[in-house]
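Trainee: Could we go through this model together? I would like to start with single residues and then move to the overall fold.

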Amino acid sequence: MDAGNTAEPHDQFHQTTGALDVIVLLREEMEQWLEEAQDDSKREALENVVGHLQAMEEEYKHRCASLREKLAL
């Protein structure tokens, strides 16, 4: 999202919310795969992926909130 730094705040907001939507979808899919994992090593790997996606999701939620405040939405 480096290109977002030069974009207008309105465009940044839309880019960030779009990225957040993708992250949420990926996290949900990985959580489903995690539930279906039958091998401990696969489960551990998927837990790591889900944890990373959760962290990214929180970061993007904070970015959206900050941009929402800037735009007074």
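Trainee: In which helix does Glu-28 lie?

Mentor: Glu-28 belongs to helix H1. Please keep in mind that we are discussing a predicted model.

Trainee: How accessible is Glu-28?

Mentor: Its relative accessible area is 40%, so Glu-28 is classed as partly exposed. The class covers values between the 20% limit for buried and the 50% limit for exposed.

Trainee: How far is Glu-28 from Val-50 in space?

Mentor: The C-alpha atoms of Glu-28 and Val-50 are 8.4 Å apart, although 22 residues separate the two in sequence.

Trainee: And Glu-31, where is its place?

Mentor: Glu-31 is also a residue of helix H1. With a relative accessibility of 26%, Glu-31 counts as partly exposed. Leaving aside residues up to four places away in sequence, Glu-31 touches Val-50 and Gln-54. Its C-alpha lies 7.7 Å from that of Leu-46, a residue 15 positions away in sequence.

Trainee: Why does Met-30 count as buried?

Mentor: Met-30 has 12% relative accessibility, and buried means under 20%, so Met-30 falls in the buried class. Met-30 has its place in helix H1 as well.

Trainee: Which residues does Met-30 touch?

Mentor: Not counting residues up to four places away in sequence, Met-30 touches Leu-46, Val-49, Val-50 and Leu-53.

Trainee: Let us turn to the helices. How many helices and strands are there in the protein chain?

Mentor: The chain has two helices and zero strands.

Trainee: What span should H1 have, and how far apart are its end C-alpha atoms?

Mentor: Helix H1 covers residues 9-36, which is 28 residues.

Trainee: How far does H2 reach?

Mentor: H2 has 32 residues and extends 46 Å from its first C-alpha to its last, close to the expected 46 Å. After H2 comes Ala-72, which has a positive phi near 55°.

Trainee: Which residues of H1 are buried?

Mentor: They are Gln-12, Phe-13, Thr-16, Thr-17, Leu-20, Ile-23, Arg-27, Met-30 and Leu-34. These buried residues pack against helix H2, residues 40-71.

Trainee: What are the buried residues of H2?

Mentor: In H2, the buried residues are Leu-46, Val-50, Leu-53, Glu-57, Tyr-60, Cys-64 and Leu-67. They in turn pack against H1.

Trainee: Which residues make up the largest nonpolar core?

Mentor: That core consists of twelve residues: Phe-13, Leu-20, Ile-23, Met-30, Leu-34, Ala-37, Leu-46, Val-50, Leu-53, Tyr-60, Cys-64 and Leu-67. H1 and H2 each contribute at least two residues to this core. The largest share is from H2, with six residues.

Trainee: Taking Leu-20 from that list, what does Leu-20 touch?

Mentor: Apart from residues up to four places away in sequence, Leu-20 touches Glu-57, Tyr-60, Lys-61 and Cys-64.

Trainee: On to the aromatic residues. How many aromatic pairs does a search of the whole structure find?

Mentor: The search finds zero aromatic pairs.

Trainee: What sits over the ring of Tyr-60?

Mentor: The charged end of Arg-63 does, at 4.5 Å from the centre of the Tyr-60 ring.

Trainee: Finally, the overall shape. What radius of gyration does the protein chain have?

Mentor: The radius of gyration is 15 Å, whereas a compact globule of 73 residues would have a value near 11 Å. Along the principal axes, the C-alpha atoms fill a box of roughly 45 × 20 × 15 Å.

Trainee: What percentage of the residues count as buried?

Mentor: Of the 73 residues in the protein chain, 25% are counted as buried. As for the contacts with a separation of 6 or more, 60% are between residues 24 or more positions apart.

Note on methods
Residues numbered from 1 in each chain as written. Predicted model: local features only at pLDDT ≥ 70, side-chain atom pairs only at ≥ 80, totals over all residues. Heavy atoms only, no water. Helix = DSSP H or I, 4+ residues; strand = E, 2+ residues; numbered from the N terminus. Expected span 1.5 Å × (residues − 1). Buried < 20%, exposed > 50% of the residue type's maximum accessible area, 1.4 Å probe, protein only. Contact = heavy atoms within 4.5 Å. Phe/Tyr/Trp six-rings, centres within 6.5 Å; stacked < 30°, edge-to-face > 60°. Lys NZ or Arg CZ within 6 Å of the ring centre and 35° of its normal. Core = buried A, V, L, I, M, F, W, Y, C linked by side-chain atoms within 4.5 Å. Rg over C-alpha atoms; globule rule 2.2 N^0.38 Å.
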